[in-house]
Amino acid sequence: MTADILDGLQAVLQWQVLLFLLGGVALGAVFGALPGLTATMGVAVLTPLTFWLSAEEGLAMLLGIYCGAIPAGGIPAILINVPGTPASIASSWDGYPLAKKGQAGLALGINALCSAVGQLTSVLFLAILAFPIASFALRFGPAEYFGLALFGISLMAGVSGKRVIQGLLAGMLGLALSTVGLDPMTAFPRYTYGFSEFLDGVSFVPVMIGLFGLAEVLVQISERHSALSKPPLALGRIWPKLAEWKQMLPGMLTGAGLGTLVGAIPAAGGDIGAVIAWEQARRLSKRTEEFGKGSIEGLGASSTACNAAIGGAMTTMLTLGIPGDAVSAILIGALLIHGIQPGPLLFRDHGELVFTIVFLIVFAALLIMVVGLLGARPLARVLDIPNPWLWAGIVLFGTVGSYALNNAAVDVWVMFAAGIIGFFLRKADVPLGPLVLGLILGPMMEANLRRALILSRGDVWGTLSRPIVLFFLIATVFSLLLPLIRRDRKGEEKA
Amino acid sequence: MRSNLVVAAAFLLLGIYLAASAAILPAGIGGLPGPGFFPQVIGSVTVLLAVGLLVQTARRREPGSFALANKGAVAGAIGLMFLYLLLWGTGWFALRTAVFLTLLLRFLGQRWGTSVLVGVALTAAVVGAFQYGLRISLE
């Protein structure tokens, strides 16, 4: 094993490999920072370029894109409330309020540092706990996925803050939107109204851009003469103080653990991991009321978690040959092209390659941290741009980003409709986070519940009484009841 | 405007529509849920939650507020974008986009000169990044 570690390190320390890693991180940062472009798209578009490279150089570039895109997605989430990638949705909940308070520098600094912490801790998990995590993930069947999705959806209540019913209603709208398209089991078209473009369902990226980008622009236009219209220009410091590190630590640990675990579960990526980690950090925190209003704990937990999912996804990919998320699915293809078969035999036959990947993620994490910290101050100058210029830019990049996703005009209209709906929901004080959560988790919940029922021949009790499912069901009940219990307690204390 | 009441009414209608439309989707086979099962559950829960919001609003007498200032500016921005999207895919992307952005910026109170400059610069950035950088056709 020591020889594998040294061989892996030696492979990474070649200047060509480091150069491709740097290039990948830079390209990934561009893909992550532009709303509408995702890490998956970046890796998919640039995979053909790696066919002419060695396995190490190709992996360096692709992993660089992956590791660069996820932290960079947090930059527009913090500065303009538009998540650059789906994984950074939860980062906007506290990052943007921090920027509005004049602490954009600190928010960007926390994003860069916690992203590196997330990637480094998850890669440590990968090196030490690869097999136990992967075998836990392998125990997930349709019933367990249903349990996980149900638990994720129950987090809507917590994400909604004080407006629990409004938040749950927004979540229902997201779930309703997720039913558009072909039925996952019978392929019967639902709510497509004759439009073939909707047979594949409603893409959540244009919805996300509309809800958080266009809606935000419209809200700001409507409030342009009020005090809320212009965020304070002060960037503040970038580096968190020691007391702030201490405050963030529990959330970061929660984010690292949950992000890695959720990332290891196939098809459950950083977006779900970050939302779950944010909510759990909120519950563990003594400053619950600050979450969603610029909490550094919330931002730390979500930034750590969405990046920790990378190590989790890599764990499942390398040990079992099963993709943990869409990016690792493409990476499996790239590895196969280079004659490398991911799976249990990889550790026996190409142990050095596993450690090459480990060291590549370590170097990528360090690179993105340095770039993120050095770039925080110039990046935060975005807030100095006159509001109308910024609004025009968000509208344009949001529109083109939505179109670029599938080269489909329908996605642009979806973004437009989501923006208008989001604007009215925002004005009515309805939280938008649960809507996206419903849209992401809806298909996973429906398809797996129905698949599980088919497998158990309609035995509902047999499906729901499996140990992992039962655990998720109990967690779901707690998750739904806890905000109500807390509210009652606070009411009693006030009385 | 009483926002909670409007939200509750809108979601009540959505829930009723979902539940009703799901009922006409094909039924499942062999006692297993069919395509209408999930929308029906969502519709029913939405109705329950909307009624819950109505009751809560009535009990607490907190109807919420819906302050919509600058209605003209918001409607104008939405209208301009609607027109721009109507012309999507008709060619001349760069020209259409530059004109749209100039009009939008002018509408938002910028001077004509500034609007043209910023509109052209933003268009050039998008065309450069997407059309030439990523080879994504925007026409």
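Modeller: A residue is called buried if 20 or more other C-beta atoms lie within 10 Å of its own, exposed if 12 or fewer do, and partly exposed in between, with the C-beta atoms placed from the backbone. This is a predicted model, in which local features need pLDDT of at least 70 and side-chain atom pairs count only at pLDDT 80 or more, while totals for chains, interfaces and linings use all residues. Residues are numbered from 1 along each chain as its sequence is written, and chains are lettered from A in the order in which they are written.

Colleague: Is A:Asp429 buried, exposed or partly exposed?

Modeller: A:Asp429 counts as partly exposed, because it has 16 C-beta neighbours inside 10 Å. A:Asp429 sits in the loop between helix 17 (409-427) and helix 18 (433-455) of chain A, where helices are DSSP runs of H or I of at least four residues and strands are runs of E of at least two, numbered from the N terminus. The phi of A:Asp429 is near 65°, a positive value in a residue other than glycine.

Colleague: Where is A:Asn81 placed, and is A:Asn81 buried or exposed?

Modeller: A:Asn81 lies in the loop between helix 4 (55-80) and helix 5 (89-100) of chain A, and it counts as buried, with 24 C-beta neighbours inside 10 Å. The phi of A:Asn81 is also positive, near 65°.

Colleague: How should I read the contact between the chains, and how many residues does it take from chain A and from chain B?

Modeller: Two residues are in contact if their C-beta atoms, placed from the backbone, lie within 7 Å. The contact takes 43 residues from chain A and 50 residues from chain B. On the side of chain A that touches chain B, helix 16 of chain A gives the most, with 10 residues. That side divides into 28 nonpolar, seven polar and eight charged residues, where Ala, Val, Leu, Ile, Met, Phe, Trp, Tyr, Cys and Pro count as nonpolar, Asp, Glu, Lys and Arg as charged, and the others, Gly among them, as polar. Leaving aside neighbours within four places in sequence, A:Leu169 is in contact with residues including A:Val430, B:Phe11 and B:Leu53.

Colleague: Which residues of chain A stay under 50 in pLDDT?

Modeller: Where pLDDT is low, the predicted coordinates should not be read in detail. On this scale, the predictor's confidence in each residue from 0 to 100, residues 225-229 of chain A stay under 50, whereas the mean for chain A is 84 and 90% of its residues reach 70 or more.
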